[in-house]
Every structure is written in C-alpha cells, then in structure tokens.
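Here is a short report on one protein model. Keep the structure in view as you read.

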Amino acid sequence: MDGHVAVVTGAARGLGRAAAVALADEGVKVVLVARSTREMPNRLLPGTLEDVEQELVRRGAEAIAVPADVSQADAIERIVNATQERFG
C-alpha cells in the first residue's frame, strides 16, 4: 500500500489507534486525527494524538497529527489542508 494516504479519526486510542498502526505497518502515510492531545488530554482515558504520532515515526512510518473535532466544519478543512500540505 505504499504511496497511499489514510486519514484516521479517533487515532489517540482504541480502534482508531489500532487502525493507524496497522495502516502504517503496511506503508500507508497516516494522518492522525483526534481531540485528545497533550495540551488537552482526556481526563478519564489514556493516550494522546502525539503519543501515537511519535510511536509511528519511531517505527519508520510517515505520519502527522492533526488535532481536530470532526463534528466541526472548519476542522475538516484543516485536516484536508494539512494532508495536502504534507503528502500532496
């Protein structure tokens, strides 16, 4: 799957994180999207967007983290812009 780009929402933990890791392991460039960041972590659940980004980069994957709430229209535009800027 080299050359592909995937946007993964909910990437800070759980199924989103697992999907991001699996895609990255297959050579997919990954755009990680979630609301949980180091600056604004979820108080009840562990894991942040930056944690997953660092893990993937350490494993040799190409990944970027885009903090966003996908229920907001302007966030979708930021995700698209960040994806295009980084991966074309």
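In which helix does Ile 79 lie? Ile 79 lies in helix 3. This is a predicted model. Ile 79 counts as buried because its relative accessibility is 7%, under the 20% cut-off. Its C-alpha atom is separated by 23 Å from that of Pro 46.

Val 80 has 39% relative accessibility, so it counts as partly exposed. Together with Val 70 and Ile 76, Val 80 makes a nonpolar surface patch of about 220 Å².

Now for the salt bridges. A search of the whole structure finds five. The table gives some of them.

| Pair | N to O distance |
|---|---|
| Asp 25 and Arg 59 | 3.0 Å |
| Asp 51 and Arg 38 | 3.1 Å |
| Asp 74 and Arg 78 | 3.8 Å |

Asp 74 and Arg 78 both lie in helix 3, four residues apart. That is about one turn of the helix. Asp 74 is partly exposed, with a relative accessible area of 48%. Arg 78 is partly exposed too, at 39%. Elsewhere, salt bridges that share partners join Arg 17, Asp 25, Glu 55 and Arg 59 into one network.

Notes:
Residues numbered from 1 in each chain as written. Predicted model: local features only at pLDDT ≥ 70, side-chain atom pairs only at ≥ 80, totals over all residues. Heavy atoms only, no water. Patch = residues over 30% accessible without salt bridge, like charges linked within 9 Å, V, L, I, M, F, W, Y side chains within 5 Å. Areas by Shrake-Rupley, 256 points an atom, 1.4 Å probe, with all protein chains shown as cover. Salt bridge = Lys/Arg side-chain N within 4 Å of Asp/Glu carboxyl O. Buried < 20%, exposed > 50% of the residue type's maximum accessible area, 1.4 Å probe, protein only. Helix = DSSP H or I, 4+ residues; strand = E, 2+ residues; numbered from the N terminus.
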